[in-house]
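Here are my notes on this model, point by point. Please read them with the structure open.

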Amino acid sequence: MSLKRNVLDLRKRKEIVLQGGGEEAIKKQAAMGKLTARERIEAILDKDSFHEYDMFVEHQSKDFDMDKKVLHGDGVIIGTGTIYGEPVCIYAQDFTVAGGSLGLMHARKITKIMDHALKMRVPLIGINDSGGARIQEGVDSLAGYGEIFFRNTQASGVIPQLSVILGPCAGGAVYSPALTDFVFVVDNISKMFITGPEVVKTVLGEVVTMEELGGAKVHSEISGNAHFFAHSEYECFEQIKKLLTFIPWSNEAKAKPFPSKPPRPEYKIEKIIPSDPTQPYDVRDVIRAVADDSDFLEVQQEFAKNIVVGFGRIDGETIGFVANQPSVLAGVLDCDSSDKAGRFIRFCDAFNIPIVTFEDMPGYLPGVEQEHMGVIRHGAKVLYAYSEATVPKITVILRKAYGGGYIAMNSRHLKADFMFAWPTAEIAVMGPEGAANIIFKKEIMAAENPNEMRKIKVAEYREKFANPYVAASKGYIDSVIEPEETRKILKHSIEVSSNKSVLTPAKKHGIPPF
Amino acid sequence: MSTPKYDSLEIDGLKYKTQLTEKFINRKRWEAPNPGAVITYIPGSIIDLYVKEGQEVKAGDLLCLLEAMKMHNKIQAPISGTVTKIYVNKGDKLPKDALMFEIK
């Protein structure tokens with residue numbers, strides 16, 4: 001053959017593979033409102049930046065007449081490309097090829113690109129759209145999943161790993177996303193569960209739809225398995241790209257700095273917070289009032305809304321914000337909000353992102369349900385994550401900082417680098433009512449009018465202790481600041497922390513309260 | 001933006017004006033357990049019954065076999081007493097937390 005004929009032959013071979021599962025299957029995919037694996041990759045990456053590998057990989061399976069079947073690319077596409085000019089590794093399962101089912105070679109392709117991402121220290125984006133294990137390949141498909149999970153774990157905390165669920169992701173397959181840092185879901189398209197509605201029905205007699213069992217809303221609002229919820233695939237791709245602007249490419253790098261921008265004028269920090277500690281407000285407005293261009297990318301927006309976590313920038317540098325949300329459940333810490341905050345703090349710490357904490361919370365959520373769900377061990381995750389973190393850690397107490405909450409929310413005692421408080425801060429073991437009832441119990445009981453006496457004593461306690469000055473007098477608070485100064489002071493604190501270096505005792509790894 | 005609907009939540013004597021989450025509103029209210037109530041701890045089906053209503057049982061006596069997750073689980077009497085009421089029949093499919101027997 002001449003070279004030209006060789007090239008033509010190559011092109012023909014490629015063309016066949018590019019057809020994926022064929023016209024019919026692609027039509028079906030579109031009828032489900034889904035893009036194809038290739039369309040997805042192209043939509044996420046910079047134009048024409050995608051390079052595919054392992055295009056000609058085929059399965060080696062012989063049982064159940066599999067030797068007579070050709071599965072192009074074995075149902076998965078892997079490759080490298082760029083996003084805003086920066087390199088990434090990506091794989092996308094192709095549902096049009098045997099339902100994106102995972103067999104040995106399919107898994108080998110995925111692990112190849114994972115190994116590459118880890119070695120090259122670039123983020124990994126995995127697009128999941130698969131019916132699950134390829135049953136014909138038996139234990140080989142199970143082996144494939146295991147190899148993927150192992151690599152997810154090895155890469156954890158070294159490179160960012162993003163999982164995008166754009167179709168079914170069922171059975172063992174769910175554990176790869178669960179081991180990664182951020183999970184993206186799309187309404188009506190994403191479906192994640194360990195056992196599907198059919199099995200749930202036959203074994204347990206519970207009748208439930210796929211959407212109710214493991215749809216995008218369920219994982220964004222109830223289970224907390226997902227971090228970003230979108231209404232369409234394209235919106236989801238924008239979220240992925242936006243997230244990548246905030247995070248570094250590996251644990252050895254810093255996030256790319258952006259030009260500094262002032263917050264937008266409509267966010268007036270001194271107008272957000274009511275001084276009465278029982279009145280609600282949206283703490284995200286405080287974050288927007290200090291962040292560059294008031295740009296805040298919230299993570300797990302719909303899950304455990306009593307705490308707010310996400311990324312913004314101050315003076316061009318990426319910041320991880322953690323803030324109690326008084327407008328939901330008064331901003332208490334509970335099992336879910338502790339899990340959410342703990343995980344986010346650990347991500348920031350692993351990837352060199354300074355953490356700014358805004359505190360306004362009355363404590364942990366009381367109740368039998370919470371205690372029995374293990375609010376002790378869940379709540380401990382927040383303490384662990386903050387204590388363990390060695391990135392710059394700055395706290396601003398906006399209003400209430402009561403009891404265990406005061407300690408947990410990045411207090412001086414967990415080695416915050418800077419502790420600031422607004423003059424509205426109330427730092428105390430508990431709220432004035434509760435405290436006065438205990439401390440002045442005798443006086444209140446003995447008084448002619450106990451209710452009057454209680455009011456007097458509550459006021460007395462509030463006057464004396466519900467302020468930032470007691471803590472400031474002990475050096476637990478570095479500075480009581482005016483709300484308007486907040487951004488300036490945060491900017492300064494981050495600047496002077498840029499060479500932060502702390503020694504932690506040598507250990508293999510800690511044992512966080514999982 | 002619409003203004004959210006606020007409820008109140010009391011913590012340490014202070015009533016906070018705040019929103020409640022669906023998950024919080026739908027949480028399971030705790031009830032003191034009844035030691036004589038035998039409840040399924042796993043969904044499954046009854047494949048054999050060994051007691052009748054009115055029968056005396058000792059703690060640990062076999063009450064029924066509950067097949068769940070391909071296992072035959074022996075359900076034993078938690079306390080000694082009389083089986084006052086049986087709520088299940090052979091072949092019944094039961095969800096989790098279903099009441100099977102009452103012993104007094």
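1. Domain separation. In this predicted model, the C-alpha centres of domains 1 and 3 of chain A are 62 Å apart. Domain 1 covers 3–246. Domain 2 comes in two segments, 269–430 and 467–496. Domain 3 takes 432–465.

2. Overall dimensions of chain A. The C-alpha trace spans about 105 × 55 × 45 Å along its principal axes. The chain has 514 residues, and 50% of them count as buried. Its secondary structure amounts to 20 helices and 16 strands.

3. Contact range in chain A. Take the contacts between residues at least 6 apart in sequence. Of these, 74% join residues at least 24 apart.

4. A helix pair in chain A. How do α4(A) and α5(A) pack? Helix α4 runs over residues 104–120, and helix α5 over residues 139–155. Their axes lie 8 Å apart, at an angle of about 10 degrees. Angles under 35 degrees count as roughly parallel, so α4(A) and α5(A) are roughly parallel to each other.

5. Residues of that helix contact. From α4(A), the contributors include A:L104, A:I110, A:M114 and A:L118. The charged A:D115 also takes part on the α4(A) side. From α5(A), they include A:A143, A:Y145, A:I148 and A:R151. By class, the contact of α4(A) with α5(A) has 10 nonpolar, 5 polar and 4 charged residues.

6. The contact between chains. Chain A contributes 25 residues and chain B contributes 22 residues. On the side of chain A that touches chain B, three helices each supply at least two residues: α7 (197–204), α13 (368–373) and α16 (432–439). Which of the elements gives the most to this side? It is α16(A), with 3 residues. The chain A side divides into 13 nonpolar, 8 polar and 4 charged residues.

7. A sheet in chain B. Four strands form an open sheet in the order β3-β10-β8-β5, with antiparallel pairing. Which strands are at the edges? They are β3 (37–39) and β5 (56–57) of chain B, and each pairs on one side only.

8. Strand β8 of chain B covers residues 81–86, and strand β10 of chain B covers residues 99–103. The two pair in the antiparallel sense over 3 bridges. B:I86 stands opposite B:F101, which belongs to β10(B).

Definitions and conventions. Residues numbered from 1 in each chain as written. Chains lettered and ligands numbered in written order. Predicted model: local features only at pLDDT ≥ 70, side-chain atom pairs only at ≥ 80, totals over all residues. Contact = placed C-beta atoms within 7 Å. Domains from an automatic or database assignment. Axes fitted to C-alpha atoms, helices over the stretch in contact; angles between N-to-C directions. Parallel < 35°, antiparallel > 145°, perpendicular 65-115°, else oblique. Pairing = 2+ DSSP bridges. Buried ≥ 20, exposed ≤ 12 C-beta atoms within 10 Å, placed from the backbone.
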